[in-house]
Amino acid sequence: MVWSFQGNSALKRVAVPIALGAAFFFSSAVVASAAPTSAASISNAATGSNYFQPGINRGVGFCKKLQNGTLHASAGANGYCFGPQQNGRAGNAAIFGGLPAVTEYGNVDAANPQEDIAPNGTVAYGQSEVSTAAVGNDVMEAWNDSTGFFAACPSPGNKEELTGFGFSTNGGRSFTDGGGLPNRQCAFRRLDGDPSVEAWAPGGLATFYVSSIYAGAAIINDIAINACQAIGTSVSCGEPVIAASSQDCFGTSFCGFLDKEFMSIDPVRKKLYISYTEFGVSSTTFDNIELAVCDISSPMHPVCNPGYHAVKTGPYLVVHQTPPTSCAENEGAYPAVDVKTGDVYVAYEHNWASNFSCQEQVGEVLSYIPHSCLVSGSHSPCGGSGRPIASTFQPIVSIDSAFIPGYNRFPMNDFPRIAVSNPYNTVSVVWNDGRYHPYGDILMQSYNLKSMNGVQGTPVVVNSNTSGWKFLPAVRNPNAQGHLNVSFYSRDRGDTAITDVMAALSLSPRATTTNPNVRITTDASDWNAVSSDIVPNFGDYTDNYVRATSTAPWTNTDLYIAWSDGRIGDPQPYNAATNTH
C-alpha cells in the first residue's frame with residue numbers, strides 16, 4: 001500500500017526534531033547541558049498512551065542521560081525523548097547587505113506554513129534539518145516537522161510523523177507540501193526526523209528514498225527508509241522499511257539508540273548505503289560508527305541488511321568500534337560512493353563535544369571500505385572483528401564550544417561532509433574549523449581515491465569572505481565535470497544573527513584556492529527573531545545535490561541547495577536551484 005498526493009495540492013511546510021549528529025559522553029560538570037527545559041505529553045489517539053514522555057518506554061537509560069547532561073545527541077534523539085522544547089533569544093542582531101543571489105528560480109519554500117496545524121487546532125513552529133535530491137524535473141526535500149509533536153495517530157496527511165517532505169515536478173520552481181511520510185505503525189513508533197534524501201531514475205522513473213530515525217515505545221530503535229516514486233504530477237510513497245535495528249540491550253528494558261543516519265546511492269550496482277552512530281548500552285558499542293546497505297534492484301521494495309532483527313545479529317558493518325579506553329565520542333557520519341568501483345567512503349568526527357574534557361585530538365576521520373567488503377548477506381566480512389577498515393585522520397580546530405548568536409543549540413558541531421569525484425580521482429571532506437578565525441571557516445581537504453593520500457598540503461579555505469560566522473557546510477555529489485559545490489551558512493560579523501547561505505560553485509577538488517563565493521539567499525534572516533518548537537531551531541546540517549541522471553556520469557550541472565530559513569519568523573525548509581557550468 002502506498003500513500004500519494006497530487007502535485008497541484010496545497011503547499012505545506014513542516015519540521016521535526018532532526019538529528020544533531022551524535023551523542024557524546026563526558027565527565028559531568030564540564031559544560032552546560034543542552035537538555036530541554038520542558039517536555040510535552042501528547043496523547044496517542046489510537047492507544048490512549050502518551051507518545052512523548054521523557055524516560056518512559058522510550059529507551060529509559062538513553063533519555064535519562066540526555067536529561068541529566070551526561071549524554072548529548074541529535075535533535076532527532078532529543079525530539080524522540082522530550083517532544084517540543086522551549087527556546088529563547090540569544091545574542092545580538094545586525095543588518096548587512098550581501099552579494100546578489102544567483103538562484104535560478106529565487107528561494108522557494110518547500111513547505112506551507114498554513115498546513116502546520118494539528119487536527120486539534122494547534123499551530124506548530126519550526127521545520128529544520130533539511131535534505132534534498134533531484135532527478136529529471138522532480139525534486140524532493142525532507143525535514144524535521146514539529147507538527148508531529150501535536151498530532152495524534154493517525155492524522156490526515158500523516159501529520160503525526162516527525163519527518164515531513166515537499167515535492168516539485170517542475171524542477172524546483174514550486175513545491176507541494178506532502179505532510180508526513182506514511183507509517184501505518186504510528187501507534188507504536190514514529191518517523192522521528194533526521195532525514196536524508198537520495199534519488200535515481202531506474203527505467204526512467206524518478207525514485208526517491210528518505211531515511212529517518214524510527215523509534216517508539218518498543219525497546220528496539222531503528223533506522224528506516226521510505227521509497228517514493230514520481231509518476232506525472234503525483235508521487236507515491238511506500239511504508240517504512242527498516243534498514244538497521246539497535247541490538248545492544250539492557251535485558252528486556254531498553255536498547256541502544258541509532259542516530260544521525262545519512263545515505264548515499266550506487267546507481268550502477270543498485271545499492272543504497274546508510275551510515276549512522278549506534279549509542280549502545282555497553283562499552284563495546286557506546287558510539288560505534290556503522291553502515292547498513294539496501295538492495296534497490298526492486299526500486300520501491302528495498303531489501304536492507306541488517307534490516308530488522310529481533311535477536312542479536314549485529315550491524316552489517318562496523319566502520320569504527322570505539323575502544324573502551326577512549327574518552328572520545330565519534331559522531332556525524334556521512335557516506336559517499338565511488339560509482340566507478342563501488343567503493344564506499346565514510347567520514348565522521350572524532351572527539352566531538354567530548355573534547356570539553358577529553359584530551360584526545362579533535363579531528364575528521366575518513367574511512368575507506370573497498371567494494372570487496374560490501375558483499376551480499378546480512379554481514380560484511382570487514383570491520384569489527386573482521387578485516388580492519390583503513391582510515392586517515394585530519395586534525396581540526398573545533399568550534400563546538402561556541403554559542404552562536406540566534407542558534408539555540410549547544411554544542412555546535414564540526415561534522416564533515418564528503419563527496420567522491422571520479423574525474424579528479426578524489427574524495428573530499430568539508431567541515432567548519434576555527435584555526436584561522438574564532439568564528440570559523442569552511443575548509444576542504446581532498447585525498448586520492450583508495451590510497452587516501454592528501455592532495456593539498458593544507459586544507460583549502462572555501463569561504464572567500466573570512467569575517468563573521470561560517471558553519472554547517474554541505475557537499476554531496478559532484479557535477480558532470482567532477483567539480484564540487486560547497487554551500488554553507490554565512491554571516492558578515494561575529495556579533496550578528498543575520499544569516500545568509502553562500503556557496504563556492506564548480507570548485508575543483510584539487511584546488512588550492514577557492515572560487516569567489518556567490519549568495520544563494522535572496523533575503524537574509526534574523527535568527528534572533530524566530531519562533532521554534534524544536535532545538536536546534538535551524539537544524540545541525542544543510543544540504544545540496546546535483547541533479548541525478550539515468551546514465552554515466554550520473555549527474556548533470558544543475559544544483560539544488562536546501563536549508564532552514566527564518567525570514568518569515570518561523571524556520572522553513574527552503575530550496576534554490578542554480579547551474580554550475
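## Thr103 and its surroundings

The side chain of Thr103 lies 3.5 Å from the backbone oxygen of Gly106, a polar contact (a pair of N or O atoms within 3.5 Å; within protein, one must be able to donate a hydrogen and the other to accept it, and residues adjacent in sequence count only if both atoms are side-chain atoms). The model is predicted: local features need pLDDT of at least 70, side-chain atom pairs count only at pLDDT 80 or more, and totals for chains, interfaces and linings use all residues. Residues are numbered from 1 along each chain as its sequence is written, and side-chain values use heavy atoms, with hydrogens and water left out.

Thr103 sits in the loop between helix 2 (75–82) and strand 4 (108–109). Helices (H or I, at least four residues) and strands (E, at least two) are DSSP runs, numbered from the N terminus. Thr103 counts as buried because its relative accessibility is 14%; buried means under 20% relative accessible area, exposed over 50%, and partly exposed in between (1.4 Å probe, protein chains only). Apart from neighbours within four places in sequence, Thr103 is in contact with Ile520, Thr522, Ala576 and Ala577, where contact means heavy atoms within 4.5 Å.

## Helix 2

Helix 2 is largely enclosed by the rest of the structure, because eight of its eight residues are buried. These are Ala75, Gly76, Ala77, Asn78, Gly79, Tyr80, Cys81 and Phe82. After helix 2 comes Gly83, with a positive phi near 75°.

## Salt bridges

The structure holds 14 salt bridges, each a side-chain nitrogen of Lys or Arg within 4 Å of a carboxyl oxygen of Asp or Glu. One of them pairs Glu198 with Arg476, with the closest N and O atoms 3.4 Å apart. This pair links distant parts of the chain, 278 residues apart: Glu198 belongs to strand 10 (residues 196–200), and Arg476 to the loop between strand 30 (470–474) and strand 31 (484–490). Both Glu198 and Arg476 are buried.

Asp433 forms a salt bridge with Arg435, the closest N and O atoms being 3.0 Å apart. Asp433 is buried at 0% relative accessibility, whereas Arg435 is partly exposed at 29%. In the salt bridge between Asp495 and Arg493, the closest N and O atoms are 2.9 Å apart. Asp495 is partly exposed at 42% relative accessibility, and Arg493 is partly exposed at 34%. Elsewhere, salt bridges with shared partners join Glu198, Arg417, Arg476 and Asp543 into one network.
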